[in-house]
Amino acid sequence: MEAKVISTLQDLNLNVSIKGQITAESDLPTLQQMPIEKLVFNVEGIEYINSGGVRKWILWMEQAKSLFPQATFRFEGVPSVLIKQAATIQNFLPPGSSIDSFTVPYFCESCSTSCEKTFRKGQDFKLPVDRQAFIKILTSATCPTCKGPLEIDAIPEHYVLSIN
Amino acid sequence: MIPSLEIFELTTADDPSNLNTTAPIVVCDSLGSEYVLSLFSRSKIQHIIQKSNLNHQSEIQISATMLQSPDQFRQFPLSTILGVHNPTSDSEAQLAEVNHQLSHPDEKSLVLDQIEKWVAESNHQRSIANDVRLIADELISNSIFNAPYVDFENSFSGPTRDKNKISIDPAKKPRVFIGRDHDRLIVGCQDFYGTLNVNRVIERIRICYESNPGQVMNFGTGGAGIGSFMVFDSCSSLYIAVEVGVSTTICCALPLKMSAVRRKKIPKNLHISSEESKWKQK
């Protein structure tokens with residue numbers, strides 16, 4: 001699915017919702033300069049990103065940062081495909097930005113169930129996270145189908161690096 | 001049976017960044033990705049096999065085939081990797097559970113959707129489906145945007161990533177294929193240009209590990225320059241065979257039946273078969 005971006009302005013907050021696949025061909029809209037205090041990117045619907053998409057994303061973030069240098073950048077519902085890039089690629093998320101919530105994929109080896117769990121700042125974790133304790137939280141989950149232990153289907157260390 | 005080939009066994013006493021051997025195959029254990037790449041970049045070792053990867057004996061056999069019968073690997077990559085004795089076109093066709101020849105750049109996203117759907121229907125983890133899609137995506141992009149347009153030095157990336165500005169030569173349609181056995185899934189792509197400069201691509205991946213992909217990224221025209229890093233980082237074994245001016249075959253192995261964490265921890269194998277690497281060796 002091609003990337004779909006919907007922006008809504010509420011007071012001094014710009015909410016940007018992004019869904020689909022981020023590739024070199026994605027049409028990430030040019031943001032307009034306006035008085036903004038907070039940018040909230042809801043990225044829960046991003047399913048996939050490739051190398052061309054990473055470049056496109058970084059350039060888009062740089063543009064946003066230059067348009068709104070004083071605004072805070074917050075990310076909600078960050079999926080594992082973006083967490084991986086944020087942990088691996090410098091400046092994938094703009095410096096000073098924060099991840100308010102993220103999703104973790106799980107897989108049940110017993111019954112092949114795939115599911116996701118959302119973790120929210122303040123509710124499920126606090127900054128700075130303690131590496132060991134945080135990884136324990138991320139890796140402890142129960143299968144909703146067979147009640148067996150779920151295996152995390154991502155790299156816990158990537159979450160530690162991205163969140164902190 | 002392993003044909004007589006010199007194999008160097010790397011021990012913890014050896015410095016992998018400064019290895020002095022003429023053996024084409026090095027067997028080691030738990031060597032980090034950066035050192036694996038360095039063994040090829042600096043010491044021109046073409047085959048680096050890790051004991052704690054899936055089955056290092058079969059990997060030695062693959063190395064032997066790539067060294068002694070490179071044509072077999074180029075003709076029958078899936079059969080060679082999956083251990084078919086005396087492979088044929090039939091064995092290769094049977095193993096290729098997914099097999100597409102691209103006639104037009106527009107077909108890429110359709111093929112990727114089909115691949116992702118196929119992996120998802122095979123009851124593998126979501127992360128496998130994503131990695132397979134990513135690898136196929138980057139390999140196809142290389143075959144249609146780079147391979148026909150770059151020089152042998154790969155001194156510049158393909159001129160554009162605009163699919164409307166390029167075309168695929170009907171006589172040189174790239175092929176993407178997937179096969180598997182119980183333990184691993186193989187994703188591969190073959191183009192019929194043979195323009196990949198393996199020294200350059202491996203060195204580029206190595207630098208990504210040494211510094212950061214964000215510092216290596218190309219923000220100008222052409223590719224982003226980190227696709228090869230993303231491919232290598234997503235697989236447990238990388239196989240590259242280049243017949244200069246004729247074909248480039250790249251395959252990746254992904255272990256099955258294990259968690260994303262265990263997959264990530266598996267030390268990587270690297271196999272290179274390239275006339276160019278032999279030239280540089282001399």
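A crossing is called left-handed when the near helix is turned anticlockwise from the far one by less than a right angle. With that in hand, here are the views of this predicted model.

**View 1. Helices α2 and α4 of chain A cross in a left-handed sense.** Look for α2 at residues 80-88 of chain A and α4 at residues 156-163 of chain A. Their axes come within 8 Å and cross at roughly 65°. On the α2(A) side, the contact is made by A:I83, A:K84, A:A86 and A:A87, which meet A:H158, A:Y159, A:L161 and A:S162 of α4(A). By class, the residues of this contact are five nonpolar, two polar and one charged.

**View 2. Helices α1 and α8 of chain B also make a left-handed crossing.** Here α1 covers residues 33-43 of chain B, and α8 covers residues 198-210 of chain B. The two pack at an angle of about 150°, with their axes 9 Å apart. From α1(B) come B:S33, B:E34, B:L37, B:S38, B:F40 and B:S41, meeting B:I202, B:E203, B:I205, B:R206, B:Y209 and B:E210 from α8(B). This contact has five nonpolar, three polar and four charged residues.

**View 3. Chain B holds twelve helices and nine strands.** The radius of gyration of chain B is 18 Å, close to the 19 Å that the globule rule gives for 282 residues, so chain B is as compact as a globular protein of that length. Its C-alpha trace spans about 55 × 40 × 35 Å along the principal axes. Of the 282 residues in chain B, 48% are buried. Among chain B contacts between residues at least 6 apart in sequence, 63% join residues at least 24 apart.

Terms used
Residues are numbered from 1 along each chain as its sequence is written. Chains are lettered from A and ligands numbered from 1 in the order in which they are written. This is a predicted model: local features need pLDDT of at least 70, side-chain atom pairs count only at pLDDT 80 or more; totals for chains, interfaces and linings use all residues. Axes are lines fitted to C-alpha atoms, for helices over the stretch in contact, and angles run from 0 to 180 degrees between N-to-C directions. Helices (H or I, at least four residues) and strands (E, at least two) are DSSP runs, numbered from the N terminus. Two residues are in contact if their C-beta atoms, placed from the backbone, lie within 7 Å. Ala, Val, Leu, Ile, Met, Phe, Trp, Tyr, Cys and Pro count as nonpolar, Asp, Glu, Lys and Arg as charged, and the others, Gly among them, as polar. The radius of gyration is taken over C-alpha atoms; the globule rule is 2.2 Å times the number of residues to the power 0.38. A residue is buried if 20 or more other C-beta atoms lie within 10 Å of its own, exposed if 12 or fewer, and partly exposed in between; C-beta atoms are placed from the backbone.
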